[in-house]
Amino acid sequence: MSSSSSSVHPGMGAPGTVRVSHDHHHLGFWRKYIFSTDHKVIGIQFMLTGLVMFLVGGLMAMAIRWQLAWPWTEMPIVGKLLFPETGKVISPEFYTMLFTMHGTIMIFFVIIPLLTGAFGNFLIPLMIGAPDMAFPKLNMIGYWAMVPGIGFAIASFFVEGGGASSGWTAYPPLSTIETAAPGSGQGQTLWLLALTWSGVSSMTGAVNYVTTIVKMRAPGMTLMRMPLTIWSLLIAALLQLFALPVLTAASILQLLDRVVDTGFFTPTNLVVNQFNSEAAGAAAGGQPLLWQHLFWFYSHPAVYIMVVPAMGLASDVIATHARKPIFGYKPMVYSMSAIAGLGFIVWGHHMFASGMNPALGMTFMVSTIMIALPSAVKVFNWLGTLWGSRIHLTTAMLNALGFVAMFIIGGLSGIWMAATPVDIYIHDTYIVVAHFHYVVFGGSVFAIFAGIYHWFPKMFGRMMNETLGKVHFIGSFIFTNGVFYLMHQLGIAGLMRRTADPYDYEAFAHLQPLNQIISICAFCLFTWQIFFVFNFFHSMFWGKRVGRNPWKATTLEWDAPSPPGHGNFDHELAVHCGPYEYASPLVEEDYLMQSRDIGAKPAKA
Amino acid sequence: MRFLATLLFLALLVFGVWSFQAAESFGAWLPPHVSSFGPDIDALFKLILWMVTFFFILTEVVLIYCVWRFSKKDPSKAHFTHGSHKLEMLWTAVPAGLLLVIAFAQMGAWANIRFPSAFPDGEPVAVAWASQFDWRFQYPGADGVLGTMDDFESAHDFVVPAGEPVKFILRSRDVIHSFSVPQFRLKQDAMPGMAIPVWFQVDEDRPGDYELICMELCGWGHYKMAGKVRALPRAEYDAWVADQQAQFMSNGIEE
Amino acid sequence: MSSSIQAYDPEVDAPAHHHPIYDYDSGPPVDRGKFAIWLFLATEVMFFTGLIGSYLVIRMGSPAWPHPKELLAVDITAANTFLLITSSWMMVRALDAIQKGDKGGLVKWLGFTILGGSVFVGVQVYEYTVLIHEGYLPNRDLFWSTFYAMTGFHGIHVCVGVIWLFCVWIGAVRGSYTPQNYVRVELAGLYWHFVDLVWVLLFTIVYLM
Ligand SMILES: [Cu+2]
Ligand SMILES: [Cu+2]
């Protein structure tokens with residue numbers, strides 16, 4: 001950065017000091033838009049990439065839904081293109097690959113990049129009053145580290161055997177023995193590389209976020225005056241820092257099992273597909289369960305990496321458009337921290353059916369059931385915020401309300417999965433699919449939509465069209481519930497996941513019509529996103545221009561120009577009150593900005 | 001928008017409760033249970049269902065009311081408050097208590113299904129072998145001991161006596177599979193490298209054929225990895241075993 | 001609500017063209033780079049926790065495990081361990097030198113640290129060559145799988161450390177560091193001490209236990 005040249009000792013100083021430097025910034029196209037070190041550009045890069053991958057992952061979901069509604073039938077439009085050799089029909093091998101890559105892409109290349117990558121990058125410096133991230137170059141590297149990850153994931157479809165097909169959980173030995181599945185050849189190796197690169201991206205991001213939040217807040221921005229979005233991103237970054245390295249270690253061990261025939265996860269005497277791995281010279285004696293422990297040690301916290309920032313975004317959107325302070329700010333902070341802390345000791349709930357020690361299962365059950373408590377506290381506090389508020393039903397607010405309505409469902413259904421005896425029955429059934437889609441789609445995706453509609457004016461200096469936005473919300477809300485709600489009932493009937501055609505079973509033959517309804521809703525949901533795509537790109541160039549603070553919000557980002565220029569703020573900042581001083585009696589307006597000095601202690605109420 | 005939004009959230013609530021009510025009528029509900037685990041697991045499922053339904057209705061109703069009541073055009077300011085210590089205590093303590101009750105309620109049933117102390121005494125009736133993509137069941141021969149020369153094998157069908165505890169060993173020859181019989185409320189992964197003991201008891205009055213389903217992804221043929229559990233009254237079961245043993249012996253002689 | 005949206009006013013809302021950049025410092029009085037290195041080391045701790053944890057689980061779960069003494073050249077590696085610990089001490093001397101303004105001392109001690117690290121890697125490569133020559137490949141059995149994974153990952157870390165120190169050393173030769181500005185030396189040093197610490201742990205469980 002040109003700014004650091006004026007300071008001998010960058011970043012070193014007494015608390016609350018300001019380092020002022022003048023910049024003369026004239027960058028070419030490549031440095032400005034492609035290899036940019038500006039957190040805002042990087043945030044938007046993450047957002048566009050995430051949305052494109054959302055389309056890819058969504059298309060896979062559509063193919064999955066086609067197969068579940070009308071198995072082994074000719075797929076319209078794309079069938080001829082994709083599966084000429086199987087008669088335009090999805091093959092069972094391809095089906096396993098579809099849901100594996102759907103999960104992988106949605107988690108590692110859509111939700112995590114959108115929440116932490118896009119919103120983390122764009123909002124952290126702006127909301128704490130910083131000119132940029134602590135390490136802008138590292139930030140750029142973080143984005144570009146994700147790109148090879150995506151490349152490997154996409155490339156895996158074109159290698160022999162096709163993409164990885166042992167589920168996004170990649171349980172060995174299915175994933176480590178090449179003959180176990182067609183996708184366990186090169187596809188699985190590429191999958192592991194994709195994961196590793198996505199890990200590098202998350203890791204650089206997390207180091208940057210934590211350092212920035214801890215070290216670069218504007219004067220007066222104490223920890224307990226930080227917007228909940230910042231808290232949530234800080235907590236998510238800490239989760240990544242402590243959980244992700246374990247997955248990295250595990251992925252590398254799996255990679256070694258595959259490439260140099262070590263035997264970490266391969267037990268003795270396996271004969272897979274007439275192929276004896278030991279006779280072929282691979283080590284043996286390893287433990288497949290070990291992978292599950294390592295994998296879920298990361299991937300359970302990953303669930304919270306995917307939902308805690310969504311909670312933060314929704315909180316900010318709700319307070320702003322309800323024109324009322326967040327009810328119970330501190331309980332909100334504590335409950336998010338509790339979710340993160342407990343998140344490290346609940347991973348075993350994915351393994352109740354695995355043959356893990358049953359006493360351990362009981363411990364994991366208690367911690368998992370208790371993790372519902374902080375989530376419940378958050379829901380009550382959102383409702384408390386809405387009570388007595390002045391709701392403006394903007395598109396952003398509608399999406400945030402949708403988030404609350406659906407997160408409730410996802411949270412409540414989790415209790416069944418935590419209860420060990422009940423989980424014996426529902427493990428690996430569609431009720432699990434319903435549960436996590438309510439959390440990640442009904443929850444996180446709607447919070448992402450809320451965030452996009454809310455911060456779009458800050459990102460591009462223009463409004464998104466509200467009418468189109470509302471049309472988008474109404475359809476998305478209806479069809480999302482149409483898709484995922486009935487999956488609860490399918491699961492209660494015992495229908496299992498990851499099954500290309502369940503209708504040969506006597507027990508499930510009658511469930512096909514229900515699956516057809518779900519699939520039709522899914523196709524509608526997918527198509528309905530046209531309203532969003534059109535609105536997003538149209539508004540980027542032709543939306544109505546807005547000033548600095550279109551929503552009359554209180555947090556610091558609304559002090560900057562829309563869109564903010566290089567260095568974000570064109571004036572000095574100081575924070576004088578908490579983040580949610582809406583309806584404050586101290587001022588005439590119904591909002592008191594954090595940066596506004598009214599010469600009095602903020603009102604206590 | 002106010003009406004529409006209220007209606008939308010109300011619709012979710014109504015649909016949410018209704019679809020659970022109506023699920024049984026379109027066949028998407030718990031299949032009738034036929035094993036000794038059934039009553040416990042179903043009761044716990046319903047206990048949670050009632051509690052979850054209560055909180056679902058409570059929270060969604062408040063949400064709907066807020067959307068309806070507080071999105072009216074109103075130039076006055078919102079009620080200015082940063083929270084209430086009392087309410088926080090209330091809505092932390094009450095769910096915490098309920099969740100603890102739920103957690104403790106599970107323990108007995110879990111221990112009964114999985115703890116070694118709950119397992120029936122005696123030798124396992126068979127070893128269930130899972131492999132891509134079928135089930136095989138290895139029974140002890142006339143000597144009553146597993147793993148000897150006279151063991152006989154049953155492909156696809158797992159024949160067990162009804163009305164008494166059945167213990168078997170679950171193993172896999174290749175990847176992870178899962179032994180699952182929905183009507184038994186039983187599911188256990190078959191983990192390569194591990195011999196996992198499993199037990200269940202089919203109700204005495206419910207002998208019959210039950211679908212055995214692999215519920216852990218095991219490769220391209222996962223969807224069709226089916227088997228059958230045939231629960232026979234004791235006398236028929238004994239006869240079947242004797243018949244199989246005899247068949248095995250005679251086969252051995254012919255070869 | 002569209003009515004609440006302010007109109008765009010170029011006078012107020014357009015960003016000023018030339019304005020200073022305000023960079024505040026809020027947190028504990030630690031250099032940002034140092035703070036980040038500590039975070040990074042925390043992730044490294046978790047990485048090795050995952051590896052060492054896996055090692056222990058696999059070893060406990062194995063019916064038979066050879067004693068390392070029978071298969072590994074423990075005495076050579078013990079000497080190598082001593083060398084690595086010494087290099088940590090030399091790193092301390094290097095930092096001490098620049099804090100006192102002794103630029104020559106920095107170059108010297110940093111040079112020794114790099115030498116120590118390089119010899120350590122050299123010995124490890126030699127050990128690998130001999131073992132591989134004798135047929136002890138990573139796919140031989142779990143003992144060797146874990147041996148190569150544990151020591152190999154640490155070896156990679158040592159290589160990264162040596163390269164990092166070398167970059168710092170070039171700066172030292174050019175005289176870029178002063179008693180007021182030596183953060184880069186400190187950062188590399190922190191990493192180096194961490195790598196050495198991990199080795200002591202690995203040496204104990206892989207070679208001695
Ligand atoms: Cu989980
Ligand atoms: Cu299967």
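Tutor: Start with A:Ala170, which lies in the loop between α5 (136–155) and α6 of chain A. Keep in mind that this is a predicted model.

Student: What is phi of A:Ala170 near?

Tutor: Phi of A:Ala170 is near 50 degrees, a positive value in a residue other than glycine.

Student: Which residues does a cis peptide bond join in chain B?

Tutor: B:Gln132 and B:Phe133 are joined by one, with omega about -10 degrees. B:Phe133 sits in the loop between β1 (126–131) and β2 (134–139) of chain B. In chain A, the peptide bond from A:Ser562 to A:Pro563 is cis as well, omega being near -10 degrees.

Student: Where is A:Pro563 found?

Tutor: A:Pro563 is in the segment after α17 (530–542) of chain A.

Student: On to the metal. Which residues coordinate the copper ion (ligand 1)?

Tutor: A:His300 through ND1, and A:His349 and A:His350 each through NE2, at 1.7 to 2.3 Å.

Student: How are the donor residues spaced in sequence?

Tutor: The pattern is H-x48-H-H. A:His300 belongs to helix α8 (residues 288–322) of chain A, while A:His350 is in the loop between α9 (329–342) and α10 (358–370) of chain A. That pair is 50 residues apart and links distant parts of the chain.

Student: Now chain B. What does the domain assignment give?

Tutor: Two entries: domain 1 (2–70 + 85–116) and domain 2 (126–250). The C-alpha centres of domain 1 and domain 2 of chain B lie 35 Å apart.

Student: How many residues of domain 1 of chain B are in contact with domain 2 of chain B?

Tutor: 14 residues of domain 1, against 14 residues of domain 2. The two domains of chain B bury about 1,200 Å² between them, with 52% of it on carbon and sulfur atoms.

Student: What about salt bridges across the interface of those two domains?

Tutor: The rule finds one across that interface. The side chains of B:Asp42 and B:Arg185 meet in a salt bridge, 2.6 Å from N to O. For the interface of domain 1 and domain 2 of chain B, the polar contacts come to ten residue pairs, both residues being at pLDDT 80 or more.

Student: Which elements supply the side of domain 1 of chain B that touches domain 2?

Tutor: α2 (38–70) and α3 (85–114) of chain B each supply at least two residues of that side. By class, the residues of that side of domain 1 are seven nonpolar, five polar and two charged.

Student: Next, the contact between chain A and chain B. How many residues does each chain give?

Tutor: Chain A gives 117 residues and chain B gives 95 residues. Chain A and chain B bury about 9,100 Å² between them, 75% of it on carbon and sulfur atoms.

Student: How many salt bridges are counted between chain A and chain B?

Tutor: The count is one. B:Asp74 forms a salt bridge with A:Arg390, where the closest N and O atoms are 3.2 Å apart. The count of polar contacts between chain A and chain B is 27 residue pairs, both residues at pLDDT 80 or more. On the side of chain A that touches chain B there are 77 nonpolar, 25 polar and 15 charged residues.

Student: And how many salt bridges over all chains?

Tutor: A search of the whole structure finds 19. There is also a salt bridge between the side chains of C:Asp25 and A:Lys215, at 3.3 Å from N to O.

Student: Where do C:Asp25 and A:Lys215 lie?

Tutor: C:Asp25 is in strand β1 (residues 20–25) of chain C and A:Lys215 is in helix α6 (residues 186–215) of chain A, so the pair joins two chains.

Definitions and conventions. Residues numbered from 1 in each chain as written. Chains lettered and ligands numbered in written order. Predicted model: local features only at pLDDT ≥ 70, side-chain atom pairs only at ≥ 80, totals over all residues. Heavy atoms only, no water. Domains from an automatic or database assignment. Contact = heavy atoms within 4.5 Å. Buried area = accessible area lost by both parts, 1.4 Å probe. Salt bridge = Lys/Arg side-chain N within 4 Å of Asp/Glu carboxyl O. Polar contact = N/O pair within 3.5 Å; in protein donor to acceptor, adjacent residues only side chain to side chain. Helix = DSSP H or I, 4+ residues; strand = E, 2+ residues; numbered from the N terminus. Nonpolar A, V, L, I, M, F, W, Y, C, P; charged D, E, K, R; others polar. Donors = N, O, S within 2.8 Å, 3.2 Å for Na, K, Ca; no water.
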